Amino acid sequence: PDNEISSDCNHLLWNYKLNLTTDPKFESVAREVCKSTIAEIKECADEPVGKGFLVSCLVDHRGNITEYQCHQYITKMTAIIFSDYRLICGFMDDCKADINLLKCGSIRPGEKDAHSQGEVVACLEKGLVKEAEETDPGLQVSDQCKKAILRVAELSSDDFHLDRHLYFACRDDRERFCENTQAGEGRVYKCLFNHKFEESMSEKCRDALTTRQKLIAQDYKVSYSLAKSCKSDLKKYRCNVENLPRSREARLSYLLMCLESAVHRGRQVSSECQGEMLDYRRMLMEDFSLSPEIILSCRGEIEHHCSGLHRKGRTLHCLMKVVRGEKGNVGLNCQQALQTLIQETDPGADYRIDRALNEACESVIQTACKHIRSGDPMILSCLMEHLYTEKMVEDCEHRLLELQYFISRDWKLDTVLYRKCQGDASRLCHTHGWNETSELMPPGAVFSCLYRHAYRTEEQGRRLSRECRAEVQRILHQRAMDVKLDPALQDKCMIDLGKWCSEKTETGQELECLQDHLDDLVSDCRDIVGNLTELESEDIQIEALLMRACEPIIQTFCHEVADNQIDSGDLMECLIQNKHQKEMNEKCAIGVTHFQLVQMKDFRFSYKFKMACKEDVLKLCPNIKKKVDVVICLSTTVRNDTLQDAKEHRVSLKCRKQLRVEELEMTEDIRLEPELYEACKSDIKNYCQNVPYGNAQMIECLKEIKKQLSTRCHQKVFKLQETEMMDPELDYTLMRVCKQMIK
């Protein structure tokens, strides 16, 4: 044991080790044993004789030594050198002042054992990583010492015995978790990293491992396996360009972003390198403390909302929850740091990178998504498809929405969307490369641009490829269930959501509430909600919850139009026509009626009506916006032309046909005729309170008690009956009850 060696003997041993590495006599041994190796490694061949630099050079290049005897000799010399930081060539010169500044030399006064020497390097490493985590660090490590620290960490990256502090801190843990893992090529480090958050892992080992991981985050070469596996790919895709500042291009985040960009562009990255990238992306997602930007930007939020949740990615998900607005407020810098980390780790490409999500959603994946290969990006899409269904579990729902919040703000983070739409996005939306971001482009702007193009008709110049259009529709259908997944909507409607919809917390209620208050919204919010409602009228499948509620009706009565690739408003029209079938359930009927009521606010919200009549509206009813007013304007024109036996109808034939559908639909529910409804509100309350609105029952009730109605209501009901007498097809009850007889 070390403590039985006398201090004199210890000192003598240290001088002997120093001579081994620097004495010209010992250097000549190295020159003899490694003769052919020195000839192969130019840097070592150029070292001056007798200066003691040769052994250090061979240690630096030991990964390239193929000569057996030389490799054995240099391995022994490496162990000797790393037993004491003062034996590492140049280290003492580079870091002497820093050792004194950080008080690293006085950890164990009077002791010269190997363990205490490892503590000196560990103290410097801690100083280096701490500096990166502070806005204004009091003590700064000098640049030459920083290089020396990272170089020592890199040289010890293949064999964990060489990191003396970590070796002693993790001896027992190595036996417990990695007993069968052979030392060398960084395997023991990797094994210990995988077990870092195990309950039985000792705290001192966990701390030492975290420091090592933080050094890898600053310089990827501190990970032997990553540097070795990705060496050729880094060179191939110019990820280590010489003209970039070393501190930037050596960072793990820069390496990951550069190689991920190559993968997303369809370039070939070796499977070994991709495997290493996956491990380190998972590592960054699992432990927030490995990202200095998160510590710097989110310190207050972590202390206030997320303390004590350090392990297994829980802190990051807690911060995501805060950003989503479910748990207080979050600063812009913190939000930006989180968004950057999500891009670096890219969990949209493989859900397993996000350990918190993976664990929370395991049961859902096993039941609902078992047909998809593990690690496939479509797993996230499958989970979104099952959001708010009986197969979803609450914990998974929360973790999924927390991650999707960030994916929805950067279109590149949805791997399948990026793959299928990058050409279209570059051409139509002026996007940058995968690892380039534009400060000028607001969150979600590219996806908004894509979906605007996706719903253009051929005449309007639709230019989106078929596969991109299908992908955009898939995502739009999934995200429409939560307003927080539409960045523009959440941003522009935040005040209105608080003002009108604070109590509407159920799924899908927020958008319905905004549609109900459309006329009360601020103009920016009204425009966005209007555009989204207009999209829904063309593709009602965006209303995923309504689609689920109406599944039985769709299967029985509307399956033909539901199977169409392009909806064009047919499905909603079919649902309206079958609203009173006995198979209709309450949820579906309420959803369909709500959509009909929303359509009354603007004729653009009825896609088929808009497409059939937009030229007629521009010509005959300019400046009229509300659908009911447009219908009255056009039907009055049709009636006048008919009564006056006009040679040519001013309203086109296709518009007249659609107008007939709209007029008949409006007579089914009194609320679809706002003037009649407003005039008769008090009468409804007095005489027809328990009568359903739909199926024309409320209108029939008012007709039956016409003599008791208030003057204003009486006039409107009489006007309605007069219209129905002139055009019996507009009498909804007559057409329904006498359907077979008319036939």
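So, R409 lies over the face of Y405, at 3.6 Å from the ring centre. By that I mean NZ of Lys or CZ of Arg within 6 Å of the ring centre and within 35 degrees of the ring normal. There's another case like this: the charged end of R479 sits over the ring of F447, 5.0 Å from its centre.

Quick caveat: this is a predicted model, where local features need pLDDT of at least 70 and side-chain atom pairs count only at pLDDT 80 or more, while totals for chains, interfaces and linings use all residues. Numbering runs from 1 along each chain as its sequence is written, and side-chain values use heavy atoms, with hydrogens and water left out.

Back to the rings. I call Phe, Tyr and Trp rings (six-membered ring for Trp) a pair if their centres lie within 6.5 Å; planes under 30 degrees apart are stacked, over 60 edge-to-face, the rest tilted. That rule gives eight aromatic pairs. One of them is Y405 with F406, edge-to-face, 5.4 Å centre to centre and 75° between the planes. Y405 is buried at 4% relative accessibility, and F406 is buried at 0%. Buried here is under 20% relative accessible area, exposed over 50%, partly exposed in between, with a 1.4 Å probe and protein chains only.

Then there's Y677 and Y693, also edge-to-face: 5.9 Å between centres, 80° between planes. Y677 is in helix α40 (residues 674-687) and Y693 in the loop between α40 and α41 (697-704), so this pair ties together parts 16 residues apart in sequence. Helices are DSSP runs of H or I, at least four residues, numbered from the N terminus. Y677 is buried at 17%, whereas Y693 is partly exposed at 26%.

Conventions: Helix = DSSP H or I, 4+ residues; strand = E, 2+ residues; numbered from the N terminus.
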